[in-house]
Amino acid sequence: MAAEDSAILSASPETPFHNLDHYLAIPRTSGLALSPDGGRLVTTVATLNPKGTEYVTALWELDPEGRNQARRITRSAKGETGAVFAVNGDLYFMSTRPDPESPDADAVNALWMLPAGGGEARVALSRAGGISSVMAARDSDTLLLTATVLPGSTGEDDDEERRKARKDNKINAILHTGYPVRYWDADLGPSQPRLFAVEPGEDKDPGRPATVDAAVPLNLRNLTPDAGGGLRDAEAVVSPDGKTVYSSFERPLAKADSRSVLVAIDVATGTRTVLLDSEGMSYFPGPVSPDNRTLVVLSESDTTPDAAPQVRLHLLDVGVRDTAVQAAGKGALVPLAHDWDRWPRPAAWLPDGSAVLVTADEDGAAPVFRIDVAGATGAVTRLTADAAAYTNVLVSPDGRSAYALRSSYEFPAEPVRIDLASGHVLRLPAPAERPAWSGSLERVEATASDGTRVPAYLALPEGAAAGNPAPLLLWIHGGPLGSWNAWTWRWNPWLLVARGYAVLLPDPALSTGYGQHHIQRGWGSWGQAPFTDLMTVTDSVVARPDIDGTRTAAMGGSFGGYMANWVAGHTDRFDAIVTHASLWALDQFGPTTDTAHYWLKEMTAEMALENSPHLHVEKINTPMLVIHGDKDYRVPIGEGLRLWYELLAGSQLAADDDGNTVHRFLYFPDENHWILQPRHARVWYGVVEHFLARHLLDQDLPVPPELGL
């Protein structure tokens, strides 16, 4: 091989998006934890392991002032997650890495502690069933965790014995007595989540000489032994004084239905009191005020075939400690910003109790807002002005700053500090630099037939111009209650932009961030306004001279996959369609999804058939790439299997006499609604690029060699 050829092969790609291996290696930041004194800020960073087979997480400390570089504070092959600061500054986290003091013990997700004064982390508590999450009170030494138990267990020792018996006898069977039985990609049961208080245990050998760092063993006190399945997927917060946990709690209803009620759990006694329980409504706790007296409550109304859910904020007086008075409704809900036509996500109180910080989807962004609570005015002020999405918002003890993770289509999640007086956002020195991408990003829009604005992002490749128009990919988001407003690793437009495609990311009817009316326009009629909105904005974009309207494809996942299927049966304008984890036969999907009790309230049987793509298979004459994971419980594999068969048997491009077809089915036996394993993500993108190149560019790119074809 010539020297110049060797140099070409070893050269770095133009950007990480020009090489899938480089793209997959981009570090991924998630989560934030702030110490009670505001002096330490910690985040979690996932990096690809040397074999490229999985992501490994580690904790990094950030400088809240933004002066010093981030530094890694944990390191192990198993990784660390769930960082939480205790009131004394100790940092707790979870990890399955081996305990150096018990190297022969089975690996479980244990609770680890990194002392505030420095030194190595040590196991604070380990149990046979592992730990799911940890919470710490801001103003007290109360430490709580959630963990699962086998419901027949009488205590921790008995739970360990029962788990061992199931494992030793290779028993995986689960006997269900209620609904649901699975969730996303997890089989529910036989274990159930419980809330525990972490407390000092007894010194088993008092008086024995030891070093000054010797710690008394920790014990767990089960606060919710009779919770049943009520805490599955629960949202919980602890009051600053550590005396009360407020949690959503699943209440089973007739005919396999359920709703979330709001409960208060007294940490000292374990007494559980139902605070809010209303027919047709679910409640979720937001943050507790600094004086422990007021709880922010998020309510979500049940869906009906005629009405989309209403998501609203309230304030609840929880200062009364008499549980009987609480249960009698003493703390009536006070509406908070109900005139604001957005779906808020409560984040944090200001230290003086004057306002609450929230985030909400807003016209292609998810800014931070302040809602005043003094006098219950509910005045809403937007604090961040950029077109970015903010999450994990925390407030400094002095109330002058907030910390958050910020992302947009220009960069993945990164830590920032927000000046709460001016709204100025400072990007903090991060564990990794922003990945460079080539091309440009524009905000575009069209007008629907009813006069409604249909906004979108348009990512364009370099060089796209009237003399060199780019082929167009219409990407349809999932949800459908969502918005294209934040960085995504699963559907990242810059990978396809690097291949020369333009990528259109619209927010049609049903999208959030544009008011309740924009959602209601498509409610119960997925094949109408959402579809026509997508075609309208596509028409607008392909009219541009820098877009080649003769080379287009439609792509989507989940609801976006449903819509891709609907598009396939209602227009032949596209040259190819990619449908991932998609709904195909709505009458079949409804009873088999993991949340049938939710779905079956959303559409009547007649509406489901009216909007079901499978009834239009005979009209499909566009090549389709079907992608599905067998572990997908939200959109069960039966949807993908039936779609594949009916494409080959009943579409206009059905298999010929020799069994040949232009359609393709990419199947992942051990993936779920998302493709999580890095090597499988590489295959996903590789097959998508192959399929698009064949039908839009008339090129025969090779499929990933890992497929063995």
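The protein has 13 helices and 38 strands, counted as DSSP runs numbered from the N terminus (helices: H or I, at least four residues; strands: E, at least two). This is a predicted model, where local features need pLDDT of at least 70, side-chain atom pairs count only at pLDDT 80 or more, and totals for chains, interfaces and linings use all residues. Residues are numbered from 1 along each chain as its sequence is written, and side-chain values use heavy atoms, with hydrogens and water left out.

User: Why is Ala256 called partly exposed?
Analyst: Buried is under 20% relative accessible area, exposed is over 50%, and partly exposed is in between (1.4 Å probe, protein chains only). Ala256 has 41% relative accessibility, so it counts as partly exposed. Ala256 sits in the loop between strand 16 (244–252) and strand 17 (258–266), and has a positive phi of about 65 degrees without being a glycine.

User: And what makes Asn392 partly exposed?
Analyst: Its relative accessible area is 37%, so the label is partly exposed again. Asn392 is part of strand 27 (residues 389–395), and its phi is also positive, near 55 degrees. Most residues other than glycine have a negative phi, and most peptide bonds are trans.

User: Which peptide bonds are cis, going by omega?
Analyst: One joins Tyr179 and Pro180, with omega about 5 degrees. Another joins Gly189 and Pro190, at about -5 degrees. Pro180 is in the loop between helix 3 (156–168) and strand 11 (182–183), while Pro190 is in the loop between strand 12 (186–187) and strand 13 (192–200).

User: What makes a set of residues a nonpolar core?
Analyst: The members are buried Ala, Val, Leu, Ile, Met, Phe, Trp, Tyr and Cys residues joined through side-chain atoms within 4.5 Å. The largest such core has 67 residues, and Leu504 and Met563 touch the most other members. Helix 8 (residues 559–570) gives the most to this core, with seven residues. Apart from it lies another core of 40 residues, including Phe17 and Leu495.
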